[in-house]
Amino acid sequence: TATGAAAAAEARGVAADGRRWRVVAQWPSLLDRIEPALAAQESKHCRLDGQTRDRQGVVEEFQSPDGPPVMLVSLKAGGTGLNLTAADHVFIVDPWWNPAVEDQAMDRAHRIGQDKPVMVVRLVSRDTGEEKILALQEKKRLLAGSILDGGSGAGAGLTREELLELLS
C-alpha cells in the first residue's frame with residue numbers, strides 16, 4: 001500500500017543514520033500492511049499490539065542498544081505505561097479522533113532518559129477521511145483549551161451535521 005511504502009521509505013533514511021523509530025497506527029491491520037514492506041527491505045523490527053503476549057520483552061528488545069531500529073506499535077497497546085526513549089522518530093500513520101490518545105502515544109518517546117531531539121511525523125493522505133479527523137482533533141483541542149481557560153466551551157461541541165460530515 002502507499003502508506004506501507006511511505007513508512008518503509010522513511011525507514012531507510014532514518015535507520016541509515018543510526019536513528020530508531022516507532023510507527024504508530026490506530027488499526028493493527030495497517031501495521032500488517034507495513035510489516036511486509038519492512039521485511040522486503042530486510043529492516044529489523046519488533047511489534048507491540050493487542051496480540052502481544054510478552055509486552056515487557058518487546059519493550060526491552062527495542063530499548064536495548066543493539067535492538068531493532070523499528071518498532072511497530074498499535075495506538076492502544078503502546079499509548080500508555082511505556083518508556084520508549086530508544087526512539088527519536090515517531091511516525092503516526094493513521095489519525096485517531098481523540099487527540100489526547102495520540103498525544104499519549106507520542107509522549108512515550110519524551111521521557112526521562114531521552115537524550116536526543118524527538119521528531120514526530122504524521123502521514124496523512126489528501127482528500128481522505130484522515131483530513132476530517134484532523135479537523136475534528138483541532139476542534140476538540142480548541143474546546144479543551146476554552147474550558148481550561150475558564151470558558152464554558154458552549155457552542156464548541158460536535159453537531160449532528162459535523163458528525164455526518166466526518167463519516168461521509
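Around Asp94

Analyst: Asp94 is buried, at a relative accessible area of 7%; buried means under 20%, exposed over 50% and partly exposed in between, with a 1.4 Å probe and protein chains only. The model is predicted, so local features need pLDDT of at least 70 and side-chain atom pairs 80 or more, while totals for chains, interfaces and linings use all residues. Residues are numbered from 1 along each chain as its sequence is written, and side-chain values use heavy atoms, leaving out hydrogens and water.

User: Which strand is Asp94 in?

Analyst: Asp94 is in strand β4, residues 89-94. Strands (E, at least two residues) are DSSP runs numbered from the N terminus. In β4, six of its six residues are buried.

User: Which strand pairs with β4 over five bridges?

Analyst: Strand β1 (residues 21-25) does, in the parallel sense. Two strands pair if DSSP finds at least two bridges between them. Val23 has Phe91 in β4 as its bridge partner. Strand β5 (residues 119-122) also runs parallel to β4, joined by four bridges.

User: Switching topic: how many aromatic pairs are there?

Analyst: The count is one. The ring centres of Trp21 and Phe91 are 5.0 Å apart and the planes are at 80°, so the pair is edge-to-face. Rings of Phe, Tyr and Trp (its six-membered ring) pair if their centres lie within 6.5 Å; planes under 30 degrees apart are stacked, over 60 edge-to-face and the rest tilted.

User: Are Trp21 and Phe91 buried or exposed?

Analyst: Both Trp21 and Phe91 are buried.
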